[in-house]
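Work through the exercises below with the sequence and the model side by side. Try each task before reading its solution.

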Amino acid sequence: MHKKIIDIIYRIPAGKVATYGQIAAFAGFPGRARHVGWILNQTNAPNLPWFRVINSKGSISLPHNGKYELQKVLLQEEGIIFDEKDFINLKIFGWKP
DNA sequence: GTACTGACGACAC
DNA sequence: CGTGTCGCCAGTA
């Protein structure tokens, strides 16, 4: 099942973001949002756009320890805009498969 | 089997 | 939006 979820994440296009629940559901595991995050924290697949995965609120789910900033910067590099509260507008940047 | 953890989600205030 | 509660399930001990 790791493979399936990883495969879905690889399909997220640059400039877009997807939510954990969205990925889980699209991979065939509705309600398994936690597994997506769990797998991301476990696997170290090359060129995996893990930074395009965020929670349903449209914000980064990492603690502000540096990786948070890394993800934010990587997304901004792709043209994604964060508002003053570090939230992403999913209406605009949400991935719609 | 039980208990706890975790990059989550939906819903109610 | 912020908080709290409950549900979810693979891993681990």
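**Exercise 1: a salt bridge between loops**

Glu78 has a relative accessibility of 26% and therefore counts as partly exposed; buried means under 20% relative accessible area, exposed over 50%, and partly exposed in between (1.4 Å probe, protein chains only). This is a predicted model, in which local features need pLDDT of at least 70, side-chain atom pairs count only at pLDDT 80 or more, and totals for chains, interfaces and linings use all residues. Residues are numbered from 1 along each chain as its sequence is written, chains are lettered from A and ligands numbered from 1 in the order in which they are written, and side-chain values use heavy atoms, with hydrogens and water left out.

Task: find which residue forms a salt bridge with Glu78, and state where the two partners lie.

Solution. 
1. A salt bridge is a side-chain nitrogen of Lys or Arg within 4 Å of a carboxyl oxygen of Asp or Glu. The partner of Glu78 is Arg52, with the closest N and O atoms 2.5 Å apart.
2. Glu78 sits in the loop between α4 and α5 (90–93), and Arg52 in the loop between α3 and β2, so the pair ties together parts that are 26 residues apart in sequence. Helices (H or I, at least four residues) and strands (E, at least two) are DSSP runs, numbered from the N terminus.
3. Arg52 counts as buried, because its relative accessibility is 11%.

**Exercise 2: the remaining salt bridges**

Task: how many salt bridges does a search of the whole structure find? Describe those of Asp86 and Asp7.

Solution. 
1. The search finds three.
2. Asp86 pairs with Lys72, the closest N and O atoms being 2.8 Å apart. Asp86 is in the loop between α4 and α5 and Lys72 in helix α4, 14 residues away, so the pair links distant parts of the chain.
3. Asp86 is buried at 16% relative accessible area, and Lys72 is buried at 17%.
4. Asp7 pairs with Arg11, the closest N and O atoms being 2.9 Å apart. Asp7 is partly exposed at 31%, and Arg11 is partly exposed at 49%.

**Exercise 3: the two sides of α4**

Task: decide which residues of helix α4 are buried and which are exposed on its other side.

Solution. 
1. Tyr68, Gln71, Lys72 and Leu75 are the buried residues in α4 (residues 67–77). They lie on the same side of α4 because they cover an arc of only 100 degrees around the axis, the arc being that of the directions from the helix axis to the C-beta atoms.
2. Lys67 and Glu77 are exposed on the other side of α4.
3. The buried residues pack against β2 (53–54), where contact means heavy atoms within 4.5 Å.
4. After α4 comes Gly79, with a positive phi near 100 degrees.
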